Amino acid sequence: MLEIKDLSINFEDFTILKNINLKLENQVCVILGPNGSGKTTLLRAISGIIPYKGSIKINGKEVRSAKRILEYSTNLQEVYTIGNSAWDTAKIIAEIKGGDLKEFTNILSYLDVDRKVIHKPIYKMSTGQRSLVSLALALFMKPQIVTIDEPIENVDVNRRDRVISLLRERVNEGLIVTHQKELIKMLENNKKEVIIYTIVNGELVEGDKM
Ligand SMILES: Nc1ncnc2c1ncn2[C@@H]1O[C@H](COP(=O)(O)OP(=O)(O)OP(=O)(O)O)[C@@H](O)[C@H]1O
């Protein structure tokens, strides 16, 4: 369960997010909003990467008091640059969390990512490859809660369908940031409700306000 109360985030003298309240329990939430509105900032805060005011609790535990950022599953690429390559990073995640690396390679095969790619540092991958590998890293441990930033933005049409299938199958609770509104319909099925929010002037407003 994810519970956010009175969250606000400032960078230098600017307030990026304010009065954010959100509760998710076995729900998927899609976050819309214009460029620079604070979508990625919200995911960074939930992932424990940046400081925040207010409260963000995952299963009752305050994120800022988590011992390591890898406790939470996210496809934010900055989380994964700690490894020399995506493969090294997957090994670190699997070791910390006690998971199966085979799942990582299975997802990469499903997304048709060349095995050579995962042995490159993340910064040497193409933009689309980086998206696919980051998604595989975020999902291979079958996490309960995930945050996903722009999962289909730079992905070709054929792989896009596979990314959507993976998200439908594996994401039961979490936040997905996108500019691609068609993703909302694609994620919905008869079992899953997708809640939509838009960041408007730093606040989280229910529904599609774009
Ligand atoms: N570390 C930082 N220091 C200062 N300002 C920052 C920092 N990170 C983000 N910002 C600013 O915060 C605002 C929100 O950025 P963010 O990346 O969250 O936007 P976004 O909604 O994800 O945008 P986009 O749709 O363009 O990806 C922007 O104005 C950005 O310049």
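Predicted model: local features only at pLDDT ≥ 70, side-chain atom pairs only at ≥ 80, totals over all residues.
**Overall fold**

The protein has 6 helices and 10 strands. Its radius of gyration is 16 Å, close to the 17 Å that the globule rule gives for 210 residues, so the protein is as compact as a globular protein of that length. The C-alpha trace spans about 45 × 35 × 30 Å along its principal axes. Buried residues account for 38% of the 210 residues. Among contacts with a separation of 6 or more, 65% join residues 24 or more positions apart.

**Ligand shell**

Which residues surround the ligand? Phe11, Glu12 and Ile16 do, together with Gly33, Asn35, Gly36, Ser37, Gly38, Lys39, Thr40 and Thr41. By class, the shell holds 2 nonpolar, 7 polar and 2 charged residues. Helix 1 (residues 39–46) gives the largest share of this shell, 3 residues.

In soluble globular proteins, nonpolar side chains tend to be buried together. Here the largest nonpolar core has 56 residues. The members that touch the most others are Leu7, Ile31, Ile46, Val133, Ala136, Leu137 and Phe140. Helix 4 (residues 127–139) supplies the largest share of this core, 7 residues.

Helix 4 has 13 residues. From first C-alpha to last, helix 4 reaches 19 Å, close to the 18 Å expected at 1.5 Å a residue. Is helix 4 largely enclosed or largely open? Of its 13 residues, 11 are buried, so helix 4 is largely enclosed by the rest of the structure. The buried residues are Gln129, Arg130, Ser131, Leu132, Val133, Ser134, Leu135, Ala136, Leu137, Ala138 and Leu139. Their cover includes strand 6 (73–74), helix 2 (86–97), helix 3 (101–110), strand 7 (146–149) and helix 5 (157–170).

Leaving out residues up to four places away in sequence, alanine 136 touches Phe104, Ile107, Leu108 and Leu111. Alanine 136 is also one of the core members with the most contacts to other members.

**Single residues**

Most residues other than glycine have a negative phi. Aspartate 6 has a positive phi of about 45 degrees, although it is not a glycine. Asparagine 59 also has a positive phi, near 50 degrees. Where do these residues lie? Aspartate 6 is in strand 1 (residues 2–11). Asparagine 59 lies in the loop between strand 4 (53–58) and strand 5 (61–62).

Proline 121 sits in the loop between helix 3 and helix 4. Leaving aside neighbours within four places in sequence, proline 121 is in contact with Asn84 and Ser85. Threonine 74 is 47 residues from proline 121 along the chain, and their C-alpha atoms are separated by 18 Å.

| Residue | Other C-beta atoms within 10 Å | Class |
|---|---|---|
| Asparagine 59 | 9 C-beta atoms | exposed |

Asparagine 59 is exposed because it has 9.

Technical notes:
Residues numbered from 1 in each chain as written. Near = placed C-beta within 6 Å. Helix = DSSP H or I, 4+ residues; strand = E, 2+ residues; numbered from the N terminus. Nonpolar A, V, L, I, M, F, W, Y, C, P; charged D, E, K, R; others polar. Core = buried A, V, L, I, M, F, W, Y, C linked by C-beta atoms within 7 Å. Buried ≥ 20, exposed ≤ 12 C-beta atoms within 10 Å, placed from the backbone. Contact = placed C-beta atoms within 7 Å. Expected span 1.5 Å × (residues − 1). Rg over C-alpha atoms; globule rule 2.2 N^0.38 Å.
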